[in-house]
Amino acid sequence: MRAQFVLSEIGVGLRRNLTMTFAVIVSVALSLALFGGSLLMSDQVNQMKGYWYDKVNVSIYLCNKSNAQSDPNCAKGAVTEDQKKTITADLNKMSVVQKVTYESQDEAYKHYKEQFGDTPLASTITPDQMQESYRIKLKNPEQYKVIASAFNGRDGVQSVQDQKGILDNLFGLLNGMNWAARAVMSLMLVVALMLIVNTVRVSAFSRRRETGIMRLVGASGFYIQAPFIMEAAVAGVIGGGVACGFLVTARYFIIDHGLALSQKLNLISFIGWDAVLTKLPLILATSVLMPALAAFFALRKYLKV
């Protein structure tokens with residue numbers, strides 16, 4: 001009987017404040033969708049880091065006749081065969097190096113033509129203008145400075161470049177976007193909490209006569225508060241369900257179908273469904289606890305029981 005009464009009171013409260021309940025649902029759904037999206041974005045960035053950092057190389061570019069006159073690092077002339085042998089031997093001795101690949105001028109020219117053969121500049125480039133280089137796969141990509149300190153400034157070496165630095169700029173941008181999404185999510189959560197508190201206040205005020213009678217007949221504080229807390233929890237869990245629907249739909253249409261980024265961007269390792277599904281219980285739990293706690297503390301202030 002008591003459970004039936006509480007449930008009936010929940011229905012009455014939701015109908016009386018239908019507009020505000022709808023606003024609570026929308027704000028909770030948007031804030032939790034952003035919350036889940038930020039978590040998935042973090043997973044995506046971490047997965048991309050693991051994928052790309054495992055593939056990055058350190059490149060040692062050697063001096064040639066073309067840059068010997070213009071580049072201060074190549075003032076002593078083009079690299080010699082003895083210098084290349086020394087560089088190769090030193091690389092093979094280093095414990096941080098996993099694999100070394102040498103690229104000749106002809107190979108560099110071939111790769112350049114494959115990538116930029118349709119551009120006007122490509123027709124003016126000759127093989128002797130290309131640079132010989134060593135592509136070095138490190139056991140730990142973070143140890144780039146070991147290679148840089150060992151070969152920068154050495155005779156025959158023009159420069160040492162770390163591809164990881166390019167990726168760091170990309171991941172920095174992605175992380176910045178993720179923090180921006182979290183800032184918007186925090187704002188939306190504040191708005192949602194304010195709406196929940198205001199909705200509870202209005203509901204408690206509209207039913208102040210009933211709650212007064214319940215106090216007079218000796219009803220416990222929790223028994224009086226329960227319908228209001230449950231109303232907020234029900235509105236929250238509906239919003240949480242909508243947020244879960246957003247995330248699942250976004251994953252389906254953006255990565256698998258619709259935009260189909262997984263097919264168009266084969267070089268990117270996208271998060272799987274397991275990453276999405278593991279976030280849904282957290283979102284639903286938050287959608288219940290956040291409104292319920294907000295309603296509980298609001299009732300302690302505005303509903304004297």
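Guide: Asn 67 has a relative accessible area of 9%, so it counts as buried (under 20% relative accessible area with a 1.4 Å probe and protein chains only; exposed is over 50%, partly exposed in between). This is a predicted model, in which local features need pLDDT of at least 70 and side-chain atom pairs count only at pLDDT 80 or more, while totals for chains, interfaces and linings use all residues. Residues are numbered from 1 along each chain as its sequence is written, and side-chain values use heavy atoms, with hydrogens and water left out. The pLDDT is the predictor's confidence in each residue, from 0 to 100; the protein has a mean of 80, and 83% of its residues reach 70 or more.

Asn 67 sits in the loop between strand E1 (58-62) and H3. Helices (H or I, at least four residues) and strands (E, at least two) are DSSP runs, numbered from the N terminus. Helix H3 covers residues 81-93 and has the highest confidence, at a mean of 90. Leaving aside residues up to four places away in sequence, Asn 67 touches Leu 62, Cys 74, Gln 131 and Gln 158, where contact means heavy atoms within 4.5 Å.

One of these neighbours, Cys 74, forms a disulfide with Cys 63, the sulfur atoms being 2.0 Å apart; the cut-off for such a pair of cysteine sulfur atoms is within 2.5 Å. The structure holds one disulfide. Both Cys 63 and Cys 74 lie in the loop between E1 and H3, so the bond ties together parts that are eleven residues apart in sequence. The torsion about the S-S bond of Cys 63 and Cys 74 is about -80°, which means that the disulfide is left-handed. Cys 63 is buried at 1% relative accessibility, and Cys 74 is also buried, at 1%.

Next come the strands. E1 runs antiparallel to E3, and four bridges join them; two strands pair if DSSP finds at least two bridges between them. Ile 60 has Tyr 134 in E3 as its bridge partner. Strand E2 (residues 97-103) is likewise antiparallel to E3, through six bridges, with Lys 99 opposite Lys 137 in E3. Strand E3 (residues 133-138) is largely enclosed by the rest of the structure, because five of its six residues are buried.
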